[in-house]
Amino acid sequence: MTPSLEARSLVKRFGALTVTDSLSIGFERGARHAVIGPNGAGKTTLFNLLAGALRPDAGQVLLEGEDVTAAGPDARARTGLSRSFQRNNPFPDMTVAENLETALAIAGGVGRVFWRGFGHYRSLAEKAREIAGSVGLNMVGDTIVRQLSYGMQRQLEIGLALAAAPKVLLLDEPTAGMSPEETEAMRHLIAGLPRSITVVLIEHDMDVVFGIADRITVLDQGRVLLTGAPEKVRDSAIVRERYMGSGG
Amino acid sequence: MTLRLVTLAVLIVAAGASWAFSGFFGKDLLTEIAILAIFAMSLDLLAGYTGMVSLGHAAFFGVGAYGMAAAGSLLGLGGLPAMAVAVAAAMALALIVGVFVVRLKGVFFIMITLAVGQMVHAWVFRSEALGGDDGMGGIIRPDLGTIGLVLDDPADFALFALVLAFLSFLALDLVARSPFGRLLTAIHQSESRARALGCPVERYKLGAYVIAAAFAGLAGALAAQRDYFVSPEFLTWTVSGEVLIVVIVGGMGSLLGPVIGAAVVTLLKHQLSDVTTYWMFFLGLFFVLVVMFADRGLYGALRRLKRRREAAT
Amino acid sequence: MALTDPAFVAIQVLNAFQLASLLFLLSVGLSVVFGLMNFINLAHGTLYMVGAYVGYAVAQASGSFWLALVLAPVAVALLGAILHWLLLARLQAANPMKQVLATFGLIFMGLDAVRWVWGSQSHGLEAPAGLDGSVTLLGQTYPVYRLFVIAVGAAVAVGLYLVLERTRLGARVRAGVDDRDMAAALGIDIGRLFFGVFCLGCGLAGLAGVVAAPVLSVYPGMNMSVLVLALIVVVVGGPGSLSGAVIGSLLIALVQTFGQVFAPALASVAIYAAMAIVLLVRPGGLIPLKGRS
């Protein structure tokens, strides 16, 4: 079976530093695939290469078997690849509802309509309410995002990524900076995502990783150190020794 | 929302009243304000909504003015077709230039638009067909006799400019409220997010650039008609600068702010030039102070006033 | 005809070098400040104009060009310090856009201020004794003063190179341009660095003004064409680097000079075309900043 998303021999250098070193990795359809590794292992760079925010110096990215290496992030998004950001990146001066409606308008391709008001598209508002509910933001639809708590903005990150109706969802440290309660809520949220979506997750919180992932890849210095089922990774001597000492 | 409607109503009543009760000089001033308002609203769509602060918007104003003159005196077209040519010429230039400039952001965008503006000025200044630094005359105003308007009459021409300003507001307001306008705002607030959601950002910016150019071209065509004459003066950097001042003083991203700004700056300029020949100094000072202390502009101040009164009651 | 005449070409190359020298003096400060703070001073051309006027005034009053050559840059650097204190320091917390717009307002103020003090007519400044003659090069006479302009630009370029590459201060500036956050984390006071580089850049703009005065005339509005050329140099050369400013200045000066000789109608458009091509092919300029393209 062709993986949902695949990287083949990706190379990315910043000056003399090789951040992604001939890296190959496949994400199976419907998988809950976590990518872990120490800071500087190249996780976020890999994400940016997969999402199209960075261009690789060599190698290919395949989305549903199709070569999208040359496509920009917007083109990849239109073919079903959606992402959240490590730092909250919503439309800060819009309300939560407006954020989601805007995302839906982009995904639905109505953005080029300039001859009638946004209010004409009522179905977007309904759909936005639905998504807001599914990420636990139904009470704050009319709040300007800038005034939202950090944790709620983090939830909106997921909501925005979901609004694009993705086949593959890239989540960049969804629980970063969250309180234990917020982290737990986020874990629930991700665990409850439809199985039709392939979820790729960068995460530091090992409880979240082992609570959600059915497959884990360990990155180290821009290379894949190990890929396997959670038990296998947990039991791996090298991982225990290097990363699990304090974390979990 | 209501503040918007009240402001709009006040502006319409004020424009109507000053048109009805002013003399020749007043109507001339009103025409000038209406033209500047169209020009400023067009820049607001770019700078206020999309976040593309251009310092070369005079290029499209000037091309509109020269388009009007050339269509009349070189192609022999009537007033209304000439205006259509003027707007089309501005849009065509925006399409060509825009392909390059929309890739640049922030300060780089400011620099390249300033350079493009200077380039168009330099080119027109040396163009023999367009009269070089002597400029061009022979401009005719549209014939609207069928609806009882004689545009060569200053009162009727002022009315024409005011109506066009109002229609331009309606059109740009619709664009701003449309899904397209919403995406422009989204791009302004987070370009990377809009892109990650699948928005081809450059294409939308190009769209905004061309629409803004169309209305700047319309303003230019009207300015050419007002003077019956065009010159490279229409294309200088001070024209681009003044219109940006108008937008910022009035309040970016509101469309009504730039209309208020157009009225305030035009009146201020006339008052100042009565008192001193160095009015540009004070206009520049006023602008620096607004940027430093009131960057939401006059309309932003109105908004804050309203919010404070609501909070008090 | 002309391209086959080596003497003519040589003269034009010298003219281009002279323009490049002025453009370098103007753009290097702009460029390094931009590299440090993402801020571009749109009133930079105005400072150049003020430098020319102050130079003119000092030379008129004292009769000494050399005194003007020293005092004008100092005066303009002081003006820069005042601007920084009044305007930029207060806007630094806000985004660079506000700073840029504020300096735009200064262009309007500068234009009328100069008109008010010195009038609208243009003034000339004589080249000093010893530099007012001409030499014969390949059978053509060439004004000595223009060679002096080239020498000033070259001397400043070498001086700046030595400071940037050989001193601790220069290393700090380079670190700040490379990665502002990293430099700040290493304990470099970016704000003070910015202040210093900004004032030095203003002083160099003033120097460019007074040096240019005997070649070009001094008039209100002399700032704008030069500002746009300097911006193009910054964009083409790539912001933040000395070598970028040198290469950009030479390129733009050559295109401008030879364009004006061979196709005057196209010359003014040619430099913008050069900029557009560079921006398309290398969006970060010829010498782009690392990791910030």
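## A salt bridge inside one helix

Let's start in chain A, where the side chains of A:R78 and A:D74 form a salt bridge at 3.5 Å, N to O (the term covers a side-chain nitrogen of Lys or Arg within 4 Å of a carboxyl oxygen of Asp or Glu). Both A:R78 and A:D74 sit in helix α2 of chain A, four residues apart, or about one turn of the helix. Helices here are DSSP runs of H or I with at least four residues, strands are E runs with at least two, and both are numbered from the N terminus. A:R78 is partly exposed at 46% relative accessible area, whereas A:D74 is buried at 13%. Buried means under 20%, exposed means over 50%, and partly exposed is in between, with a 1.4 Å probe and protein chains only.

A bit of housekeeping: this is a predicted model, in which local features need pLDDT of at least 70 and side-chain atom pairs count only at pLDDT 80 or more, while totals for chains, interfaces and linings use all residues. Residues are numbered from 1 along each chain as its sequence is written, chains are lettered from A and ligands numbered from 1 in the order in which they are written, and side-chain values use heavy atoms, leaving out hydrogens and water.

## Where chain A meets chain B

Here 33 residues of chain A are in contact with 23 residues of chain B, contact being heavy atoms within 4.5 Å. About 2400 Å² is buried between the two chains, and carbon and sulfur atoms give 64% of that area. A:F91, A:I106 and A:F114 supply 24% of what chain A buries against chain B, more than any other three residues. Buried area is the accessible area (1.4 Å probe) that two parts lose on being put together, summed over both.

On the polar side, there are 14 residue pairs in polar contact between chains A and B, both residues at pLDDT 80 or more. A polar contact is a pair of N or O atoms within 3.5 Å; within protein, one must be able to donate a hydrogen and the other to accept it, and residues adjacent in sequence count only if both atoms are side-chain atoms. On chain A, the elements giving two or more residues to the side that touches chain B are α2 (73-78), β6 (81-83), α3 (96-108) and α5 (150-163). Of these, α3(A) makes the largest share, with six residues.

How many salt bridges are there between chain A and chain B? The count is two. A:E157 pairs with B:R193 at 2.4 Å, N to O, and B:R182 pairs with A:E101 at 3.9 Å, N to O. B:R182 lies in helix α7 (residues 179-189) of chain B and A:E101 in helix α3 of chain A, so this pair joins two chains. B:R182 is buried at 15% relative accessibility, and A:E101 is buried at 13%.

## Where chain C meets chain B

Of the two pairs of chains in contact, B and C share the most contacts. No contact joins chains A and C, whose closest C-alpha atoms lie 7 Å apart. The B and C contact takes 39 residues from chain C and 37 from chain B. About 3600 Å² is buried between them, 86% of it from carbon and sulfur atoms. C:L101, C:F108 and C:M109 supply 19% of the area that chain C buries against chain B, more than any other three residues.

Across this interface the salt bridge count is zero, and two residue pairs are in polar contact, both residues at pLDDT 80 or more. The elements that give two or more residues to chain C's side are α3 (65-91), α4 (96-118), α9 (222-237) and α11 (264-281) of chain C. The largest share, 16 residues, comes from α4(C).

## A charged network in chain B

The whole structure has 21 salt bridges over all chains. One of them joins B:E191 and B:K205, with the closest N and O atoms 3.0 Å apart. B:E191 is in helix α8 (residues 191-196) and B:K205 in helix α9 (residues 201-227) of chain B, so the pair ties together parts that are 14 residues apart in sequence. B:E191 is buried at 14% relative accessible area, and B:K205 is buried at 4%. Salt bridges with shared partners join B:K105, B:E191, B:R195, B:E202 and B:K205 into one network.

A:E64 has a positive phi of about 50 degrees although it is not a glycine. A:E64 is in the loop between β4 (58-63) and β5 (66-67) of chain A, and is partly exposed at 29% relative accessible area. A:E173 also isn't a glycine, yet has a positive phi of about 45 degrees. A:E173 sits in the loop between β7 (168-172) and α6 (180-191) of chain A, and is buried at 11% relative accessible area.
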